[in-house]
Every structure is written in structure tokens, then in C-alpha cells.
Amino acid sequence: MAFAYTSLTNLAHGNGFTLWHYVSADAKATVDAAGYFDSAADLLKVNDVVICIDSNTPTATIMVVLSNTGTVVDVSDGTAISLTDSR
């Protein structure tokens, strides 16, 4: 699949920083690839944080915007958030 602009939500912003939420059925390896968020280059800034939810698995990952040339966006590989419930 491809990036879906309507699945990217601004959760909070201030002091030049934005926290985003993104939901997709795309695998983490697809979402964290350079260029995946290119359509949102006008929104995403370096050091913004994106909480990505893979609705297919489900898994959650926190990614940071590493670079944005104005047309190409690259995010970090991310840190997985545990979604287990053992109780």
C-alpha cells in the first residue's frame, strides 16, 4: 500500500515540535523506508515524532523524522511499543 494522508493525525504541537499518529495496514518495514512519508513533506519536520500503528498485525512503533528535504522524508527505524496483555 502507499501512504494515506488521511491516516496522519496531529496529536500535539508546540515549540517547533509535533507529535503525530499514523495508522496503516502497511508493515513497519514499509512505513519506515525513506520516501514513504514524502506526500506529507509539507507537514513533517525533522525531530517530529510519529506513533505508527500497523492495523494489520497489530503493532505500534515510535519513529522520529530524521530528514526532510522538502520532497523526501526519512524516518528512523523506530522503537517498538509492546502491545501484549498478560493479565
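Ile53 has Ala60 in S4 as its bridge partner. S3 and S4 run antiparallel and are joined by six bridges. Four residues lie between S3 and S4 in this hairpin. Strands here are DSSP E runs of at least two residues, helices are H or I runs of at least four, and both are numbered from the N terminus. Two strands count as paired if DSSP finds at least two bridges between them.

The model is predicted: local features need pLDDT of at least 70, side-chain atom pairs count only at pLDDT 80 or more, and totals for chains, interfaces and linings use all residues. Residues are numbered from 1 along each chain as its sequence is written, and side-chain values use heavy atoms, with hydrogens and water left out.

**Fold and overall shape**

- The chain holds one helix and six strands.
- Along the sequence, the elements follow the pattern β-β-α-β-β-β-β.
- S2 pairs with S3 as well, in the parallel sense and over six bridges.
- In that pairing, Leu19 stands opposite Val49 in S3.
- Along the principal axes, the C-alpha atoms fill a box of roughly 45 × 30 × 20 Å.
- Of the contacts between residues at least 6 apart in sequence, 48% join residues at least 24 apart. A contact means heavy atoms within 4.5 Å.

**Burial and core**

- Buried residues make up 30% of the 87 in the chain. Buried means under 20% relative accessible area, exposed over 50%, and partly exposed in between, with a 1.4 Å probe and protein chains only.
- The largest nonpolar core has 16 residues, and Tyr22, Phe37, Leu44 and Val50 touch the most other members.
- Strands S2 (17–24), S3 (49–54), S4 (59–68) and S5 (73–75) each supply at least two residues of this core.
- A nonpolar core is a set of buried Ala, Val, Leu, Ile, Met, Phe, Trp, Tyr and Cys residues joined through side-chain atoms within 4.5 Å.
- In soluble globular proteins, nonpolar side chains tend to be buried together.

**Aromatic pairs**

- The whole structure contains seven aromatic pairs. Rings of Phe, Tyr and Trp (its six-membered ring) pair if their centres lie within 6.5 Å; planes under 30 degrees apart count as stacked, over 60 as edge-to-face and the rest as tilted.
- Phe3 and Tyr5 are edge-to-face, because their ring centres are 6.0 Å apart and their planes stand at 80°.
- Phe3 is buried at 13% relative accessibility, whereas Tyr5 is partly exposed at 39%.
- Phe3 also forms an edge-to-face pair with Phe37, at 5.5 Å centre to centre and 65° between the planes.
- Phe3 lies in the segment before strand S1 (8–14) and Phe37 in the loop between helix H1 (28–31) and S3, so this pair ties together parts 34 residues apart in sequence.
- Phe37 is buried, at 1% relative accessibility.
- One aromatic cluster takes in Phe3, Tyr5, Tyr22, Tyr36 and Phe37.

**Salt bridges**

- There are two salt bridges in the structure. Each needs a side-chain nitrogen of Lys or Arg within 4 Å of a carboxyl oxygen of Asp or Glu.
- Lys28 and Asp32 meet at 2.8 Å, N to O.
- Asp32 is buried, with a relative accessible area of 11%, while Lys28 is partly exposed at 33%.
- Lys45 bridges to Asp48, with the closest N and O atoms 3.6 Å apart.
- Lys45 is partly exposed at 33% relative accessibility, and Asp48 is buried at 0%.

**A buried loop residue**

- Ser76 sits in the loop between S5 and strand S6 (79–81).
- Its relative accessible area is 17%, so Ser76 counts as buried.
- Beyond four places in sequence, Ser76 contacts Asp32, Met63, Val64 and Leu66.
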